[in-house]
Amino acid sequence: MPFSSQLRWSPYEFALCLQKCLKAKALSPGMQVHATLLTSGINMNILSLNSKLVGMYASCADLKSARLLFQKIERPNVFAFNWMVLGLAYNGYFDEALLYFIKMREVGHMGNNFTFSIVLKACVGLMDVNTGRQVHAMVCEMGFQNDVSVANALIDMYGKCGSISYARRVFDGMRERDVASWTSMICGFCNVGEIGQALMLFERMRLEGLEPNDFTWNVIIAAYARSSDRGKAFAFFERMKREGVIPDVVPWNALISGFVQNHQVREAFKIFWEMIVSGIQPNQVTVVAMLPACGSAGYIKWGREIHGFICRKGFDANVFIASALIDMYSKCGSVKDAQNVFDKIPCKNVASWNAMIDCYGKCGMVDSSLALFAKMQEEGLRLNEVTFTCVLSACSHSGSVQKGLEIFSSMNECYGIEVSMQHYACVIDLLCRSGRTVEAYEFFEALPMQVTESMTGAFLNGCKVHGRRDLAKMMEEDIMRMKLNGPGSFVTLSNIYAADGDWEEVGNVRNAMKERNVHKQPGFSWLEKPGEILERKKEKEGNNMASGLDMRDHII
């Protein structure tokens with residue numbers, strides 16, 4: 001609705017209108033209110049109109065405008081800070097969200113219960129349990145530990161960061177709990193694979209008179225799916241129906257997400273098919289779960305059909321779905337499709353820029369990747385640790401060693417980004433791909449942190465390609481000391497010895513795998529047939545073909 005310049009609104013009417021735009025996330029009407037407010041000459045400090053403007057832009061994901069307005073506020077109040085922290089955290093700028101929180105404390109605002117709930121979400125986004133503990137100390141200092149919403153956020157943070165004992169301590173110390181408290185704790189146990197503990201809490205919750213909500217049921221369904229236990233997942237699904245909870249799209253999404261997260265791509269496709277046959281329409285969560293499955297399988301035909309559904313439903317305006325589409329097309333090798341999606345995103349966030357940079361890198365287009373990296377900085381976007389992982393990976397794939405090392409060296413000094421295990425793994429891969437395996441080994445020896453499987457995998461692959469059995473042998477001692485659960489490094493090491501005919505060493509590596517209960521899963525290939533996905537496992541029988549998934553007549 002257009003706003004007349006002849007209207008004479010009171011500060012109260014402006015405040016009310018901005019509040020409505022904020023809640024509805026209505027950017028265009030909000031901008032019209034802002035323009036009218038500027039021409040009215042009203043003092044922006046009245047009724048915290050300046051803070052409400054910051055909130056309106058932040059809630060609409062226009063963070064550039066929110067930042068500019070915030071900077072113009074002489075003495076921003078706690079609500080202006082809260083909106084900046086919330087807007088940044090929600091859009092993936094977790095580091096910057098924490099910086100605004102620190103600045104808020106520096107100017108004398110201690111924050112309220114809403115502040116701490118948001119900041120803890122930012123800690124989850126960064127998977128930074130150490131900062132989360134510091135925030136927890138502030139919560140206790142301020143006396144908010146008995147606030148249910150803050151305690152729930154603490155349980156969620158500790159649970160998602162893997163510190164389940166801390167989560168349980170917070171949970172046990174709560175004076176009163178709501179459904180979200182129980183669900184967050186159940187979710188925490190499921191995240192670390194302790195489904196038995198989750199089920200005990202589920203039953204105890206009901207004994208204490210609280211009925212699980214849809215999300216509580218779905219957490220356990222998804223946990224069974226992630227553990228590849230299709231039978232128990234469906235048994236719990238049926239129990240849900242028997243107890244009067246009518247399953248809608250949400251439990252189906254839980255099943256699909258669980259199987260995708262456990263790399264059970266074919267199972268995810270089967271559930272997706274069964275869901276459609278049951279008459280349940282996919283929603284935004286479904287497509288965000290299915291797109292990685294299409295990318296993992298390289299099945300671009302289904303990816304495009306899901307993309308068509310997204311456009312018909314108007315989901316393409318969602319920046320997170322758009323980022324998932326870019327990632328899917330990237331994994332399927334279709335740069336053009338990924339670029340088209342990226343160009344059409346109205347308000348790009350850091351995740352969408354990262355996805356496109358990664359796409360160029362995977363396809364060997366390092367110049368385009370670096371150009372987008374530079375443009376991202378020109379646009380004033382705050383780079384995060386994922387941005388540098390994508391750029392370093394792009395340099396690695398293209399053999400741009402010097403450029404990659406320059407970017408790596410500048411991370412902390414120029415951008416304030418703390419180097420993580422993923423960045424070290426990228427540098428090792430960068431050196432090994434270009435044949436500089438000795439430098440990679442020296443880099444390994446100087447690492448300030450525990451070596452990970454991705455690092456050893458990158459190094460051993462380099463040794464295999466460049467025939468450096470001697471360096472692989474030196475690395476073997478480190479590998480045997482580490483508690484690796486994945487088979488990748490062991491298999492590569494075994495193959496290096498096998499290529500030299502050293503069967504004794506091959507036997508030693510295989511014995512080490514048996515002792516640690518490490519198993520290599522059979523390889524498989526995806527075969528595309530109109531309307532079907534066929535999976536062939538590389539086993540002795542070889543010729544047995546898994547039955548296809550026929551989506552004809554049911555595809556969305």
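Student: Which angle do the axes of H21 and H23 cross at?
Tutor: Helix H21 (residues 350–362) and helix H23 (residues 385–398) cross at roughly 10°, and their axes come within 8 Å. Axes are lines fitted to C-alpha atoms, for helices over the stretch in contact, with angles from 0 to 180 degrees between N-to-C directions. Helices are DSSP runs of H or I with at least four residues, numbered from the N terminus. H21 is therefore roughly parallel to H23, a term for angles under 35 degrees.
Tutor: This is a predicted model, where local features need pLDDT of at least 70, side-chain atom pairs count only at pLDDT 80 or more, and totals for chains, interfaces and linings use all residues. Residues are numbered from 1 along each chain as its sequence is written, and side-chain values use heavy atoms, with hydrogens and water left out.
Student: Which residues of H21 make the contact?
Tutor: Val350, Asn354, Ile357, Asp358 and Gly361 of H21 do, against residues of H23 including Val386, Cys390 and His397. Contact means heavy atoms within 4.5 Å.
Student: Switching topic: how many cavities of 30 Å³ or more?
Tutor: The count is 2. A cavity is a set of points on a 1 Å grid over the protein atoms alone where a 1.4 Å probe fits but cannot get out.
Student: Which helix gives the most to its lining?
Tutor: Helix H6 (residues 94–106), with 3 residues. Lining residues have an atom within 4 Å of a point.

Note on methods: Helix = DSSP H or I, 4+ residues; strand = E, 2+ residues; numbered from the N terminus. Parallel < 35°, antiparallel > 145°, perpendicular 65-115°, else oblique. 1 Å grid on protein atoms, 1.4 Å probe; cavity = no way out; pocket = protein on both sides within 12 Å on 5 of 7 lines; lining within 4 Å. Points joined across faces, edges and corners; volume = space filled by probe spheres on them.
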